[in-house]
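Please inspect the sequence and coordinates before reading on.

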Amino acid sequence: MGQRNSIAAGIRGDVRLKGGIKYRFDTIPWNLRCAPKPLAVVHPVDPEDVSVAVKLAAKYGIPIQARSGGHSFASYSLGGKDGALIIDLNKMNNVVVDQTTWKATIGGGARLGRVTKELYNQGKRTIAHGTCPQVGIGGHATVGGQGPLSRMYGLTLDHVLEVEVVLADGTITKASAEENPDLFFAIRGAGASFGVVTSFVFETHPAPTVTTHYSFKLHFSTPQELAAVFLKWQEFLSSPTVLNDRAFNSVINITNTVILIQGSRIGSKAELEASQVSIKMKQLFNVNIQARELDWLGSVINWVTETIQSMAGSLTIPLYMKSLSVRQDKLLTPEAITKWFEYMETHSPTGCDLEAGRISDIPTDATAYSIRDALYTVCAYAIAPLPFPDEALAFLNGMIDTVSTAMPDGNFGVYPGYVDPLIPQTQWPTQYWGTNYPRLLEIKKKYDPDNVFSNPQSVGADQMKPTPPAFGVVADASKEGLSMPVLGV
Ligand SMILES: Cc1cc2nc3c(=O)[nH]c(=O)nc-3n(C[C@H](O)[C@H](O)[C@H](O)COP(=O)(O)OP(=O)(O)OC[C@H]3O[C@@H](n4cnc5c(N)ncnc54)[C@H](O)[C@@H]3O)c2cc1C
């Protein structure tokens, strides 16, 4: 009817309306557990095309979400619930590095794999970003963007100097420290709620010439043994030796009875071996550390293959992901760690990434992204066939409840890049955006008063009538003897 025809009108790129075969392929989500049905998907060819689509949808009160790499854990780039208009930026994916300033202009639809390659090919440059090559820069640089170089250079969004953005009234505008600074603040951490970023200008850095990757394994047989190793790892991460070495990163992966500690350090193998972090790591864990040198592109590939999560980037899977950011001044207590692993029993599918460094230099109120003081983020997820079992949702929610109950003053954050549609509406605004949330609400009223750019957890969504979770339920917490297919990274 009228709405559908109007969406197709005047847009030069493809328009895929509900019911068509292309629409069906185009709306398969990365996370099959969350499969909302949008009204249509448009593939604009330039910012003017985006503007036409935004004006039309806004006129009919249709919610809009941009799509870049489509790797939202809750399919918010398909609207997060039925009936949205999706603006897929896949045709707007150019990467151009200025050979004098080394600033890179990147289209809102470029994926990280392309970003890595183009930055390197156009002057051996790089930016800090996550490890999954299929993730899009649009969703990454508007929520955070944490990766192996983040301790040295900050989040992906910390590299953004300027954005071109289409606003709710269809205006194509710029935002930077000088131009629309309030919008610039909001886009860097809560972009999906404010517009469609058609392109970014990033500062870039010389890509490291050599990086050394290290790893070692430890075995455990009881939750208490696991808790003891984890506590040691946490003490190690929070020591001045690690905090002061920004070239170093570390990830802990726990599966069944094995703990894999791995990561990398910018520089040669000899430099790693001579570093205080390496000496301390050997002393603490009493292990031989495997290490090998790689050049930059080899290093990026190695990071991808190191993490199950990143390898899964090219697959579509039914999944539920839970995360929790642990702050530097609220480290997990021995009691909380023990309770956590007792809850998980020997199935401890967990991964934690070291953060801090440059990320923490930037004041909390400088960008919408607020979890500047995190030391590491815990991630656990379940993969299961559809219909997705409520028990799996309850198990992972029970894990977070167990830790939060053991540490009621933990003030845990949730990285907005790991959106979790089951966080209660009373909690996600502060867990994602902390003390920046009231300011974001004010900026929302100015730039998008009719809430055109919305999903179930966008800025302002909590101020409306509460809606039940779109996907799944929080069933009874911990069920005894529960066993399920779970993978952790
Ligand atoms: C397998 C996998 C691995 C991951 N690894 C990491 C990692 O190593 N480090 C890390 O920090 N994060 C990681 N993430 C999380 C990832 O950064 C976020 O899910 C991110 O939002 C995905 O971006 P996208 O463009 O692919 O997603 P999309 O689903 O396209 O978008 C996600 C959200 O951003 C909005 N958005 C997208 N483009 C734009 C735009 N141009 N303008 C405004 N809003 C936009 C969408 O509307 C949606 O709300 C990973 C996720 C997955 C699934």
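In which sense do β17 and strand β18 pair, and over how many bridges? β17 and β18 (residues 374-383) pair in the antiparallel sense, over four bridges. Strands here are DSSP runs of E of at least two residues, helices are runs of H or I of at least four residues, and both are numbered from the N terminus. Two strands pair if DSSP finds at least two bridges between them.

The model is predicted: local features need pLDDT of at least 70, side-chain atom pairs count only at pLDDT 80 or more, and totals for chains, interfaces and linings use all residues. Residues are numbered from 1 along each chain as its sequence is written.

**Strand β17**

Strand β13 (residues 248-255) also pairs with β17 in the antiparallel sense, over four bridges. Aspartate 353 in β17 is the bridge partner of valine 251, and valine 378 in β18 is that of cysteine 352. Five of the five residues of β17 (residues 350-354) are buried, so the strand is largely enclosed by the rest of the structure. A residue is buried if 20 or more other C-beta atoms lie within 10 Å of its own, exposed if 12 or fewer, and partly exposed in between, with C-beta atoms placed from the backbone. Thr350, Cys352 and Leu354 cover one side of β17, with Gly351 and Asp353 on the other.

An open sheet of five strands has the order β5-β6-β10-β8-β9, with antiparallel pairing. β5 (95-97) and β9 (172-176) are its edges; each has a single partner strand, so one side of each lacks a neighbour in the sheet. Neighbouring strands are turned by 15° against each other on average, direction ignored.

Four strands form another open sheet, β1-β2-β4-β3, whose pairing is mixed. Here β1 (14-17) and β3 stand at the edges with a single partner strand each, so one side of each has no neighbour in the sheet. The twist averages 20° from one strand to the next.

| Strands | Sense | Bridges | Residues standing opposite |
|---|---|---|---|
| β5 and β6 (residues 104-107) | antiparallel | three | valine 95 and isoleucine 106 |
| β2 (residues 40-43) and β4 (residues 85-88) | parallel | three | alanine 40 and leucine 85 |

**Helices on the strands**

Helix α3 (residues 47-59) lies across β8 (160-166), β9 and β10 (196-202), at about 50° to β8. Helix α4 (residues 112-121) lies across β5 and β6, at about 25° to β5. Axes are lines fitted to C-alpha atoms, for helices over the stretch in contact, and angles run from 0 to 180 degrees between N-to-C directions. Contact requires C-beta atoms, placed from the backbone, within 7 Å.

In α3, 10 of the 13 residues are buried, among them Pro47, Asp49 and Val50. Its 13 residues, at 1.5 Å a residue, should span 18 Å, and the end C-alpha atoms are 18 Å apart, which agrees. The expected span is 1.5 Å times one less than the number of residues. Glycine 61 follows α3 and has a positive phi, near 70°.

**Ligand shell**

The ligand is surrounded by 38 residues, the closest being Gly69, Gly130, Gly136, Gly138 and Gly139. A residue is near a molecule if its C-beta atom, placed from the backbone, lies within 6 Å of it. The shell divides into 12 nonpolar, 25 polar and one charged residue. Ala, Val, Leu, Ile, Met, Phe, Trp, Tyr, Cys and Pro count as nonpolar, Asp, Glu, Lys and Arg as charged, and the others, Gly among them, as polar.

Note on methods: Two residues are in contact if their C-beta atoms, placed from the backbone, lie within 7 Å.
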